[in-house]
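Keep the structure open beside you and try each task before reading on.

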Amino acid sequence: MLIVQNLSLYRSDVKIFEDVNFTLSSNKLLILKGNNGSGKTSLLKTILFLLEPSSGSIYWKGKNIQKSIYDFYNNLTFIGDKTSSIRQLTVEENIKIWKKIFLSNVSYEEINSILEVLKLHSLTNQKVRTLSLGQVKKLELLRLIIENKKYWILDEPFTNLDSETIDILSQSFEDHCVNKGSILFSSHHNITFGRSEELVLQ
C-alpha cells in the first residue's frame with residue numbers, strides 16, 4: 001500500500017501543491033484531476049522521488065519510502081509525459097529492449113496479439129521517430145503488459161489517443177484493478193470508471 005500524508009511542494013516560496021493526502025491500495029483506481037498548472041505532474045514526480053517534497057511523508061508497505069524505494073520501483077510501472085522508447089530504433093527493437101530490461105516473461109505471442117488490437121502490428125519494423133504521437137503513446141502503454149507490475153502510475157495516459165484506444169485502455173484499467181492491481185493517473189479527460197476515486201488539485 002502507498003500512503004501519502006500532508007505532502008507539499010514549493011519552489012521559491014511559490015506553492016505547487018499543498019497538504020495532499022491519499023492511499024493507493026489493491027483494487028483502487030485513483031484519478032488525479034486539476035487545471036493546467038495545478039501541479040498534477042509535479043505531484044506524480046514527487047511521489048516517485050524525482051522531485052523532493054518540501055514537507056509531508058510518503059510510506060510504502062508501512063515504511064518511509066526512502067527506506068524502501070527500490071522495492072517500490074520493483075512493483076511499479078511509471079509512464080510519464082515523455083516516451084521511454086528510443087526513437088532511432090524500430091518498434092520491435094524497443095519491445096525487445098523492454099523485455100530484457102524488465103526480465104519480462106510475457107510471450108511474444110501475447111505481445112503480438114496486443115499489437116494487433118492497438119493497430120501497431122504492421123508497424124513493428126518502423127522506427128519510432130516515423131510514428132504519429134498517438135502511435136508512440138500506444139507503444140509506450142504496451143509497457144504496462146511487458147512489465148506486468150501491480151502498481152501503475154501514469155501522467156495523462158489518454159492524450160493523443162483515438163476514441164477506440166481510449167475505450168481499450170479504460171477497460172484495461174478496470175481489469176487491472178479487478179485483478180488486485182492499483183492505478184494512479186492524471187487526466188483532464190472526462191472518463192467514467194465503475195470503480196474509481198478522484199483527487200482534485202486546486
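**Exercise 1.** Find the helix that holds Glu-140, and decide whether Glu-140 is buried or exposed.

*Solution.* Step one: Glu-140 sits in helix 5, residues 133–141. Helices here are DSSP runs of H or I with at least four residues, strands are runs of E with at least two, and both are numbered from the N terminus. Step two: the relative accessibility of Glu-140 is 3%, so it counts as buried. The cut-offs are under 20% relative accessible area for buried, over 50% for exposed and in between for partly exposed, with a 1.4 Å probe and protein chains only.

A word on the model before we go on: it is predicted, so local features need pLDDT of at least 70 and side-chain atom pairs count only at pLDDT 80 or more, while totals for chains, interfaces and linings use all residues. Residues are numbered from 1 along each chain as its sequence is written, and side-chain values use heavy atoms, leaving out hydrogens and water.

Step three: look at the partners of Glu-140. Setting aside neighbours within four places in sequence, Glu-140 contacts Ile-79, Lys-82, Thr-83, Ser-84, Ser-85 and Trp-98. Contact means heavy atoms within 4.5 Å.

**Exercise 2.** Which residues of helix 4 are buried, and why are they on the same side?

*Solution.* Start with the list: in helix 4 (residues 108–117), the buried residues are Ile-111, Ile-114 and Leu-115. They span an arc of only 105° around the axis, which places them on the same side of helix 4. The arc is taken from the directions from the helix axis to the C-beta atoms. An α-helix has 3.6 residues a turn, so residues three or four places apart point the same way. Finally, the cover over these buried residues includes helix 3 (91–101) and helix 6 (143–147).

**Exercise 3.** Describe how helix 3 and helix 4 cross, and name the residues that make the contact.

*Solution.* First, the axes come within 13 Å and cross at roughly 135°. That makes helix 3 oblique to helix 4. Axes are lines fitted to C-alpha atoms, for helices over the stretch in contact, with angles from 0 to 180 degrees between N-to-C directions. Angles under 35 degrees count as roughly parallel, over 145 as roughly antiparallel, 65 to 115 as roughly perpendicular and the rest as oblique. Next, the contact involves Ile-95, Lys-96 and Lys-99 of helix 3, together with Tyr-108, Ile-111 and Leu-115 of helix 4.

**Exercise 4.** Which loops hold Phe-49 and Asn-148, and what is the phi of each?

*Solution.* Most residues other than glycine have a negative phi, and most peptide bonds are trans. Phe-49, in the loop between helix 1 (40–47) and strand 4 (55–60), has a positive phi of about 65° although it is not a glycine. Phe-49 counts as partly exposed because its relative accessibility is 27%. Asn-148 is in the loop between helix 6 and strand 7 (151–155), and its phi is positive too, near 55°. With 56% relative accessibility, Asn-148 counts as exposed.
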